[in-house]
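Subject: Structure for you to look at

Dear colleague,

Here is the structure I promised to pass on, with the sequence alongside. Please open both before reading my notes.

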Amino acid sequence: MQRDKFIRGTAGIFIGSMTDVQRLSIEAKAINPKAELTLINRIKGPEGYKVWSIPKYNGLYLFSRKAIATEQELKQVLAFFDRTMDEDVASLMAYGFEGRHYKLDADGKVILPEETSQLRVYEVNPLNSLMIADVGNPHIREVAQKEQLTALADQLSRDNEQFLVDDPTVALTSPTYDEKNAELSAIIADATYNYILGNLDAAGFAREVEKWHTSGGNLIIQEYGEAEKVGEEEE
C-alpha cells in the first residue's frame, strides 16, 4: 500500500532499500512522466547518524534430501551454482544481454544506459536474487557507468558504512527467541506503525515495549547474554 501511494504521488516519502530506487522511479514515471525521485540516507537521531546493518550474508539455499536423493544429484546442483560464478553467466544474471540491456566501453567495462533501464528492471532484476555472489564475485564484469539514481544509491550505501549498527545477536542463540519471535516481533511492529499513524502516543508505545519485555523479551535478553558469555569462554 505504501509503495502504491508513493509511485502514484499521494505520498512523498518511501522508506525502503536504496537499491530499489530505479524500479520505483520507472513505476512512478509510468503514471506521471514528470515524477522525480532522489535519495536521503543521513537522518540524524538522538545519537547521531545510525543505520541498521543486516547480517553479513545474503540469504541461503537449503537442499532437501527428499528432492536430492543421491550425492551425484547434489554435485550436479552444486555445479550449477559454481557455473553461475563464471563471468559470462554472472554478467548475464546481473546485467542481461549485451546490446539489449547494456553496452561495453572500449575497455570492456559495462555501461548501463538510462534508456534501457526499464528493460533491465523487468527482465534482468528478477535474476539477481539467484546470484550467490554479486558484489563479492571477482569474475563479474566491472561497471563503468550506471543510471544516475543507481549510482547515487551505491554512493550513499558506501557512506552508510561509517555509521552501521551491527546486530550483536546474529551469532547467538536463544530458545525463547526461536519459539516466540513471531509473536514478540508483532508487538513491536504493530506498536511502531500505530505510533507513526498517531494511534499511540509515546507513553502508549513504551507500554507496548514493556509488554514485549514481560511476554518473553527479558528471557531472550538473558539467554543471549548467557550465550555470549559461553562464546567468550570458548575463545
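Predicted model: local features only at pLDDT ≥ 70, side-chain atom pairs only at ≥ 80, totals over all residues.

Residues are numbered from 1 along each chain as its sequence is written, and side-chain values use heavy atoms, with hydrogens and water left out.

The chain holds eight helices and seven strands, these being DSSP runs numbered from the N terminus (helices H or I, at least four residues; strands E, at least two). Its radius of gyration is 22 Å, well over the 18 Å that the globule rule gives for 235 residues, so the chain is more spread out than a compact globule; the radius is taken over C-alpha atoms, and the rule is 2.2 Å times the number of residues to the power 0.38. Along its principal axes the C-alpha trace spans about 60 × 55 × 35 Å. Of the 235 residues, 26% are buried (under 20% relative accessible area, with exposed meaning over 50% and partly exposed in between, for a 1.4 Å probe and protein chains only).

Helix 4 (residues 87-95) packs with helix 5 (residues 117-128) at an angle of about 130°, their axes being 6 Å apart; axes are lines fitted to C-alpha atoms, for helices over the stretch in contact, and angles run from 0 to 180 degrees between N-to-C directions. That makes helix 4 oblique to helix 5 (angles under 35 degrees count as roughly parallel, over 145 as roughly antiparallel, 65 to 115 as roughly perpendicular and the rest as oblique). Leu 92, Met 93, Ala 94 and Tyr 95 of helix 4 make the contact with Arg 120, Val 124, Leu 127 and Asn 128 of helix 5, where contact means heavy atoms within 4.5 Å.

An open sheet of three strands runs in the order 4-5-6 with mixed pairing, and two strands pair if DSSP finds at least two bridges between them. Strand 4 (103-104) and strand 6 (143-145) are the edge strands, each pairing on one side only. Strand 5 (residues 110-111) pairs with strand 6 in the parallel sense over two bridges, and Val 110 stands opposite Val 143 in strand 6.

Finally, Ile 132 lies in the loop between helix 5 and strand 6 and is partly exposed, with a relative accessible area of 43%. Leaving aside neighbours within four places in sequence, Ile 132 is in contact with Tyr 61, Phe 81, Thr 84 and Met 85.
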